[in-house]
Amino acid sequence: SSEIKGGLQMTLAERMRLAGQLTSPSLDVTEFLPAATKEAGEAAKASQPAASAKGRLFSAEPLPLAALHKMDVDLKAQVGKLTLPGRQLSEVNIGLQLKNGQLYLTPLHFGLAGGVFEGGVQLDARAKTPTLAIQLQGRGFELGQLQANGPITGGRSELKLDVKSRGDSLQALMTTASGETS
């Protein structure tokens with residue numbers, strides 16, 4: 001059962017603004033999703049990604065980035081145990097700031113697969129071609145726990161990801177991605 005505490009403040013004006021801070025010892029997002037979405041999350045956890053009808057793994061459909069220009073947001077959330085479709089995170093600490101088409105997820109901290117992940121995400125949709133930057137470090141996680149029935153089991157892993165990309169669709173973002181991973 002989920003429990004959320006905190007406060008939200010919404011300013012209804014020409015430019016809407018949402019601000020607040022939320023905490024939860026345990027939040028199960030699947031409680032708020034239709035059954036088909038829950039089942040799809042479980043199936044995705046156990047299978048490989050499937051290609052789209054056009055033979056592409058990532059969609060070329062434009063992302064709904066215009067919504068990033070319609071309001072400003074400043075939210076902070078802390079969740080002890082976060083249950084998502086097919087995945088469970090612990091000790092989640094996230095900040096979400098949105099202003100004039102610039103979206104920041106920072107701090108971004110969570111436990112997953114026995115390890116700790118920290119970093120941040122920046123999506124800038126102010127220009128005609130949006131840019132995305134992701135920095136993420138993972139320490140002490142078990143790679144085999146990230147994919148059920150995968151070929152890897154056991155072993156502690158480390159991850160360092162620093163990627164930048166440009167585009168208005170998942171396909172464009174993935175094909176222009178560059179950076180470093182280790």
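This is a predicted model: local features need pLDDT of at least 70, side-chain atom pairs count only at pLDDT 80 or more; totals for chains, interfaces and linings use all residues.
Me: Let's begin with charges. How many salt bridges are there?

Reply: The general idea is that side chains of opposite charge can pair when their charged atoms come close. A salt bridge here is a side-chain nitrogen of Lys or Arg within 4 Å of a carboxyl oxygen of Asp or Glu. By this rule there are 7 salt bridges. One of them joins Lys5 to Glu3, with 3.4 Å from N to O.

Me: Is Glu3 buried, exposed or partly exposed?

Reply: Buried means under 20% relative accessible area, exposed means over 50%, and partly exposed is in between (1.4 Å probe, protein chains only). With a relative accessible area of 37%, Glu3 is partly exposed.

Me: Which residue does Arg139 pair with?

Reply: Its salt-bridge partner is Glu118, and the closest N and O atoms are 3.0 Å apart. This pair links distant parts of the chain, since Arg139 belongs to strand β7 (residues 131-142) and Glu118 to strand β6 (residues 115-124), 21 residues apart. Helices (H or I, at least four residues) and strands (E, at least two) are DSSP runs, numbered from the N terminus. Arg139 is partly exposed at 39%, and Glu118 is partly exposed at 32%.

Me: And what about Arg156 and Glu142?

Reply: Their side chains meet in a salt bridge of 3.8 Å, N to O. Here, too, distant parts of the chain are linked: Arg156 sits in strand β8 (residues 156-166) and Glu142 in strand β7, 14 residues apart. Arg156 is exposed, at 52% relative accessible area, whereas Glu142 counts as partly exposed at 21%.

Me: On to the rings. How many aromatic pairs does the structure hold?

Reply: A pair of aromatic rings is described by the distance of the centres and the angle of the planes. Rings of Phe, Tyr and Trp (its six-membered ring) pair if their centres lie within 6.5 Å; planes under 30 degrees apart count as stacked, over 60 as edge-to-face and the rest as tilted. The structure holds 2 aromatic pairs. Phe110 and Phe117 are stacked, at 5.2 Å centre to centre and 10° between the planes. Phe110 is buried at 13%, and Phe117 is buried at 5%. Phe117 and Phe141 make a tilted pair, at 4.9 Å centre to centre and 40° between the planes. Phe117 lies in strand β6 and Phe141 in strand β7, so this pair ties together parts that are 24 residues apart in sequence. Phe141 is buried, as is Phe117. Phe110, Phe117 and Phe141 form one aromatic cluster.

Me: Where is Arg15, and which side chains does its own side chain meet in polar contacts?

Reply: Arg15 lies in the loop between β1 (3-11) and β2 (16-28) and is partly exposed, at 29% relative accessibility. A polar contact is a pair of N or O atoms within 3.5 Å; within protein, one must be able to donate a hydrogen and the other to accept it, and residues adjacent in sequence count only if both atoms are side-chain atoms. The Arg15 side chain makes such a contact with the side chain of Asp72 at 3.0 Å, and another with that of Asn100 at 3.4 Å. The C-alpha atoms of Arg15 and Lys70 are separated by 6.6 Å, although these residues are 55 residues apart along the chain.

Me: Last one: where is Ser169, and what does its side chain reach?

Reply: Ser169 is in the loop between β8 and α2 (170-175), and at 3% relative accessibility it counts as buried. Its side chain reaches the backbone nitrogen of Ala172 at 3.0 Å. Contact means heavy atoms within 4.5 Å. Leaving aside neighbours within four places in sequence, Ser169 is in contact with Ser59, Ala60, Glu61, Pro62 and Leu63.

Key: Residues are numbered from 1 along each chain as its sequence is written. Side-chain values use heavy atoms; hydrogens and water are left out.
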